[in-house]
Amino acid sequence: MPVKNIDMGKLFSKSVSVLVMLLCRVGLSAAPIGVGDWSELDTESVLPGTEIVLGDHLYADTIIRIKFSGTKEKPIIIRAGNPGKVVFSGASRIDVFGSYLDISGLMFDNPSPTVGTVFRTRPETENVHIHNCCIRSDETPETVARFSKTKYHWMHIQGCHHEIDHCSFVGKYSIGLMLNVQPADEKTPM
C-alpha cells in the first residue's frame, strides 16, 4: 500500500476553522465574575449572560441599585457564592431597574423600618427571578411600638413577568407588607 503524504498545515487550518464555527454557533459564556463586595464590581463589564458571584459579606446600611439588563436568552445572574452568607442589615436595600435578571441566595437580617422598602423592582422592570432569598426580623413589641407610624414593605414588586420562589419571610410584625405586588399598569400581567 502506498503511503499518502498529509499536509499538516491544511489539516490544522481546516480543524481550526471548524472549531471556530462551532464555538460561534454554540456561543461562549463568560467566566463568572467573583466579587467580595458589590463596590468592587465593574458595572461596565456586566453584559447579557454575565454571572456575578458575591463573596461572603455583611452590607450594613448599604443601597445597591441594579441598573443592567440581560436578555431572554442570556439573563444576568447575581448570586451569593454561599447562600445566606451575603447579608444585608440595618437600612440596607436593593433597587432593581433592569430586566432579565436572576437573583438568588441573599439574606436580609433585621432590616430597619426606616429603609422604606428592603427589596424593590421598579415599574420598568421585566422578567426578574428572585429565589432562595430570606428576609427575617427579630422585631420585638418595643420595636413595633417605636415604629408604629412607619409603614414599610419588605418586598415591593412592580413591573411584569417576575417570579419569586423558595424565599423566606420571617418575623415581620410592623406595619406594611412582607410582599407587595403592584403591576406596571392594569393591563400588564405580573
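In which strand is the place of Asp 165?

1. Overall make-up. This is a predicted model. The protein chain has 190 residues, and 38% of them count as buried. Its secondary structure consists of 16 strands and two helices. Among contacts in the chain with a separation of 6 or more, 72% are between residues 24 or more positions apart. The accessible surface is about 11,300 Å², with carbon and sulfur atoms providing 57% of that area.

2. Nonpolar core. The largest nonpolar core is made of 33 residues. Ile 66 and Phe 68 have the most contacts inside this core. With neighbours within four places in sequence set aside, Ile 66 is in contact with several residues, including Trp 38, Ile 78, Ile 94, Leu 101 and Ile 103. The partners of Ile 66 also include Asp 95, Val 96, Phe 97 and Gly 98. Asp 95 returns in the next points, as a member of a charged network.

3. Arg 93 and Asp 95. The structure holds five salt bridges. One of the residues that take part is Arg 93, which lies in strand β7, residues 93–96. Arg 93 forms a salt bridge with Asp 95, and the closest N and O atoms are 3.1 Å apart. The two side chains are also joined by a polar contact of 3.1 Å. Is Asp 95 buried or exposed? Asp 95 counts as buried, because its relative accessibility is 0% and the cut-off for buried is under 20%. Beyond residues up to four places away in sequence, Arg 93 touches Thr 62, Ile 63, Ile 64 and Arg 65, and also Val 115, Thr 117 and Val 118.

4. The other arginines at Asp 95. A salt bridge also joins the side chains of Asp 95 and Arg 120, at 4.0 Å from N to O. Asp 95 belongs to strand β7 and Arg 120 to strand β10 (residues 117–121), so this pair ties together parts that are 25 residues apart in sequence. Arg 122 forms a salt bridge with Asp 95 as well, with the closest N and O atoms 3.6 Å apart. Arg 122 lies in the loop between β10 and β11 (128–131), while Asp 95 is in strand β7, so the pair ties together parts that are 27 residues apart in sequence. Taken together, Arg 93, Asp 95, Arg 120 and Arg 122 are linked in a network of salt bridges.

5. Which residues make a nonpolar surface patch of about 230 Å²? They are Met 178, Leu 179 and Val 181. Val 181 is found in strand β16, which covers residues 179–183. With a relative accessibility of 44%, Val 181 counts as partly exposed.

6. Asp 165 and its surroundings. Returning to the opening question, Asp 165 has its place in strand β14, residues 163–165. Asp 165 and His 131 are 34 residues apart in sequence, yet their C-alpha atoms are 4.9 Å apart in space. With neighbours within four places in sequence left aside, Asp 165 is in contact with His 129, Ile 130, His 131 and Asn 132. The side chain of Asp 165 also makes a polar contact of 2.7 Å with the side chain of His 166.

7. Positive phi angles. Asn 132, one of the contacts of Asp 165, has a positive phi of about 55 degrees although it is not a glycine. Asn 132 is placed in the loop between β11 and β12 (134–136), and counts as partly exposed at 43% relative accessibility. Asp 61 is also not a glycine and has a positive phi, of about 50 degrees. The position of Asp 61 is in the loop between β3 (57–60) and β4 (63–66). Is Asp 61 buried or exposed? Asp 61 counts as exposed, because its relative accessibility is 55% and the cut-off for exposed is over 50%.

How values were computed. Residues numbered from 1 in each chain as written. Predicted model: local features only at pLDDT ≥ 70, side-chain atom pairs only at ≥ 80, totals over all residues. Heavy atoms only, no water. Helix = DSSP H or I, 4+ residues; strand = E, 2+ residues; numbered from the N terminus. Buried < 20%, exposed > 50% of the residue type's maximum accessible area, 1.4 Å probe, protein only. Contact = heavy atoms within 4.5 Å. Areas by Shrake-Rupley, 256 points an atom, 1.4 Å probe, with all protein chains shown as cover. Patch = residues over 30% accessible without salt bridge, like charges linked within 9 Å, V, L, I, M, F, W, Y side chains within 5 Å. Polar contact = N/O pair within 3.5 Å; in protein donor to acceptor, adjacent residues only side chain to side chain. Core = buried A, V, L, I, M, F, W, Y, C linked by side-chain atoms within 4.5 Å.
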